[in-house]
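This report describes selected packing features of one structure. The structure is shown first, and the description follows.

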Amino acid sequence: MTKTKYFVIGTTLFMALASGSAFAGDPVEGQKIFNMKCKVCHTTAQNSKNSTGPNLYGVVGRKAGALSSYKKYKGLQGANFAWDEASLDELLVNPKKFFKKVSGNNSIMAIISTRNPSQRADLIAHLKTLK
């Protein structure tokens, strides 16, 4: 490839990432994915109680592990970041990366792992609407 082609490809990729389109997804499709993969353990209504997993209402922008009403799982205790598009995307690829092993529960959140970038973007777009 010529230098010009590399420049065009690099510039296009940079602009896509800088504009946020790398995480542009369809929230309607994301809700369908949520209902299939996440709803079994998570609630999303503003004042609903936690389920097996924490309530995900307002998760985007929330400090990881800081949901005061959810003390059941301490895997994110002491986390020093807020959930954003990039961290949620990483979580959906490899959930175990984010959670410390807790006595006998080494497969936590394995069901949500997805390698499909489009599905992850859709799911994240849905989570962003929960505010």
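## Contact of H2 with H4

Pro27, Glu29, Gly30, Gln31, Ile33 and Phe34 in H2 meet Gln119, Asp122, Leu123, Ala125, His126 and Leu127 in H4, where contact means heavy atoms within 4.5 Å. By class, this contact comprises six nonpolar, four polar and two charged residues (nonpolar: Ala, Val, Leu, Ile, Met, Phe, Trp, Tyr, Cys and Pro; charged: Asp, Glu, Lys and Arg; polar: the others, Gly among them).

The axes of H2 and helix H4 (residues 117-128) are 7 Å apart and meet at an angle of about 95°; axes are lines fitted to C-alpha atoms, for helices over the stretch in contact, with angles from 0 to 180 degrees between N-to-C directions. H2 is therefore roughly perpendicular to H4 (65 to 115 degrees). Helices are DSSP runs of H or I with at least four residues, numbered from the N terminus.

## Basis of the model

The model is predicted: local features need pLDDT of at least 70, side-chain atom pairs count only at pLDDT 80 or more, and totals for chains, interfaces and linings use all residues. Residues are numbered from 1 along each chain as its sequence is written, and side-chain values use heavy atoms, with hydrogens and water left out.

## Aromatic pair

One aromatic pair is counted (ring centres within 6.5 Å, using the six-membered ring of Trp). The ring centres of phenylalanine 81 and tryptophan 83 are 5.0 Å apart and the planes lie at 85°, so the pair is edge-to-face (planes over 60 degrees apart).

Tryptophan 83 is buried at 7% relative accessibility, whereas phenylalanine 81 is partly exposed at 27% (buried: under 20% relative accessible area; exposed: over 50%; partly exposed: in between; 1.4 Å probe, protein chains only).

## Leucine 67

Leucine 67 lies in the loop between helix H2 (27-37) and helix H3 (85-93). Beyond its neighbours within four places in sequence, leucine 67 contacts Asn50, Pro54, Asn55 and Arg62. The C-alpha atoms of leucine 67 and proline 54 are 7.6 Å apart, with the two residues 13 residues apart along the chain.

Notes: Helices (H or I, at least four residues) and strands (E, at least two) are DSSP runs, numbered from the N terminus. Rings of Phe, Tyr and Trp (its six-membered ring) pair if their centres lie within 6.5 Å; planes under 30 degrees apart count as stacked, over 60 as edge-to-face and the rest as tilted. Angles under 35 degrees count as roughly parallel, over 145 as roughly antiparallel, 65 to 115 as roughly perpendicular and the rest as oblique.
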